[in-house]
Amino acid sequence: MTKPSLPDLLHAAVSAVGGTERPGQVAMAEAVAEAIDDSSHLLVQAGTGTGKSLGYLVPALAQGERVVVATATLALQRQLVERDLPRTVDALHPQLRRRPQFAMLKGRSNYLCLHRLHEGVPQDEEEGLFDPFEAAAPTSKLGQDLMRLRDWSDETETGDRDDLTPGVSDRAWAQVSVSSRECLGASKCAYGAECFAEAARERAKLADVVVTNHALLAIDAIEGAPVLPQHEVLIVDEAHELVSRVTGVATGELTPGQVNRAVRRSAKLVDEKIADQLQTAAEGFERVMELALPGRLEKVPEDLAYALMALRDAARAVITALGSTRDRSVQDEDAVRKQAMASVETVHGVAERITQGSEYDVVWYERHEPRGGAAYRHSGASLRVAPLSVSGLLREKLFTDRSVVLASATLKLGGDFNGVGASLGLAPEGTTGDDLPVWKGIDVGSPFDYPRQGILYVAKHLAQPTRDRERSDMLDELTELMQAAGGRTLGLFSSMRAAQQAAEVLRTRVPELPILLQGEDTLGELIKNFAADPKTCLFGTLSLWQGVDVPGPSCQLVVMDKIPFPRPDDPLMSARQKAVEEAGGNGFMAVAATHAALLMAQGAGRLVRATGDRGVVAVLDPRLATARYGSYLKASLPDFWYTTDRNQVRKSLAAIDAASKAASV
């Protein structure tokens, strides 16, 4: 039997999802197939509208080996499992003569735990010993959530939190889920045979395509105990997010509340003397944390080092004792012990890591706004430790023993892939060497005609933003642009404070244009309401830079208040910048400018989502036009028509507004 050709398979799949074939999608599918055949690696930039998920799924399914697809967002995981994969498998089945199986796999805490649900949560002393289901008043929000979860447990097939609609609070979910460290294990658990997390793992073992998230991929790489089934091909979609997700998983944190919780959970299970030792160490740590000032600790201060060593040693003694004692008077002892062990092991692990003081780690204090949660009841400070870089880890764990395809609409920064490649542990493209992964980058373009569909406007006449100065000129400019556009504005701000201030001022100045503000409702509701009414504007910060997909006349002006460089006092970013400089590189360009370019490329990508979209991306920061790094940032953005002429932009926005109004009549 002749092997079906890739163009025929792609054509069948595109027809099945009701799409149209695009040259970029064909080029991408061919490059992915070639990388898989060569066992090499590929970075592929595929602009919005290319149809990139089919561009990698079709060649991956055609080659017949097991594939893991890791994405950053829940929305894309759902799209793959509920829409793209079922239709693609059906379409390819006649030509492939087989029906590839697919499954979704997430971390254990995403699944309902039947043991927790039926046996209750091992409670901390401070909160009293009771069953949360009994104690939560049925009229309270928590009580209602828990009753709904109990009902849902009888009908759900997956136990996956994301299949529960509407969702429940994190507090309610914590009552019915466990982390992998707290899990009793299927063989010891009375509900092991019905376990949702175990069932998901079994489905993944049998599947040809496993869809997961970046966090689980990172855990699989870092922890050493494989979570994902053995696979020959790894596809990382939304790959611009990977480094920050891996960094998040590799970051440790200690707070006084968390340490006190470990004390309470273990106190009843170990000898009083050992429990007292951990209690004393916890008190010492809390005293140090009360005086903590935010910022990086280049060297761990003596008082903190002493407190951490006491904590490490006491936690080690508790862990040893927990492993060797038994107390049948404790109800549901295995679960109580497992939860205590998980808490104490986390404390021990972070305390030991900071005490050892690796030159590859960054340690800092962070202060939180006081809030009611138990973790911050004692102090608003946390101690954090994160890797200076994850590039070595990724090079070693990601790019060995399999072919890796990294796809995103934004991977090419400043005109090439080397910046993103370096963050992933890859040498510049074309570099050869014994241990160097072989890779290539390909930009398959976009189906959109950016110079005709969009304008990039830089407000060159504004004063340069500084940290202390009020930006009244920026707010004046924003007001005029929004009025010219007739609303239709997505405001992307570099901080929540800036977004709140702009919303407050503009709600007074232009009351005829409703302004939605991130945090005033769920993100999903805000985006839905923004899309529903062209006059409505939406202001917000980080998650809006990459989470908004609103084609059509509701989003015709995307405003960035300033270039989104990391905060100068961000301990991790400034440490990374300093490390590049000490190695002889340009720290600002490698870290701060790369960070800003990635966010700006994502933000600018909110404007044109369909072939009929028209509009303006307005950057209210003159440095994009005047600073030396401006050309690098501009080269990372879509190829819009560029201007600094404010009158021209107002005329263009008014014309786009008039055309949209005429079309809707």
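Mentor: Two strands pair if DSSP finds at least two bridges between them, while the strands (E, at least two residues) and helices (H or I, at least four) are themselves DSSP runs, numbered from the N terminus. This is a predicted model, so local features need pLDDT of at least 70 and side-chain atom pairs count only at pLDDT 80 or more, whereas totals for chains, interfaces and linings use all residues. Residues are numbered from 1 along each chain as its sequence is written, and side-chain values use heavy atoms, leaving out hydrogens and water.

Trainee: What's the order of strands in the open sheet?
Mentor: Seven strands make up this open sheet, in the order E14-E15-E13-E16-E17-E12-E18, with parallel pairing. At the edges are strand E14 (515-517) and strand E18 (641-643), each of which pairs on one side only.

Trainee: And which strands does H19 touch?
Mentor: Helix H19 (residues 472-485) packs on the sheet and touches strand E12 (454-458), E13, E14, E15, strand E16 (557-560) and strand E17 (615-619), where contact means heavy atoms within 4.5 Å.

Trainee: Changing topic, which residues are buried in H10?
Mentor: In helix H10 (residues 214-223), the buried residues are His214, Leu216, Leu217, Ala218, Asp220 and Ala221; buried means under 20% relative accessible area, calculated with a 1.4 Å probe and protein chains only.

Trainee: What do they pack against?
Mentor: The buried residues of H10 pack against strand E2 (67-71), strand E4 (209-213), strand E5 (233-236), helix H11 (242-249) and helix H16 (391-398). Glycine 224, which comes just after H10, takes a positive phi of about 85 degrees.

Trainee: How many residues are in the largest nonpolar core?
Mentor: That core has 91 residues, and Leu149 and Leu424 have the most contacts inside it; a nonpolar core is a set of buried Ala, Val, Leu, Ile, Met, Phe, Trp, Tyr and Cys residues joined through side-chain atoms within 4.5 Å. Helix H24 (residues 587-604) contributes the most to this core, with eight residues, and a second, separate core of 39 residues includes Leu42, Leu80, Leu85 and Ala407.

Trainee: What is leucine 424 in contact with?
Mentor: Leaving aside neighbours within four places in sequence, leucine 424 is in contact with Leu43, Leu242, Val243, Ser391, Leu394, Arg395, Phe399 and Leu406.

Trainee: Last one, how many helices and strands does the protein have?
Mentor: The protein has 27 helices and 18 strands, and buried residues make up 53% of its 665 residues.

Terms used
Buried means under 20% relative accessible area, exposed over 50%, partly exposed in between (1.4 Å probe, protein chains only). Axes are lines fitted to C-alpha atoms, for helices over the stretch in contact, and angles run from 0 to 180 degrees between N-to-C directions.
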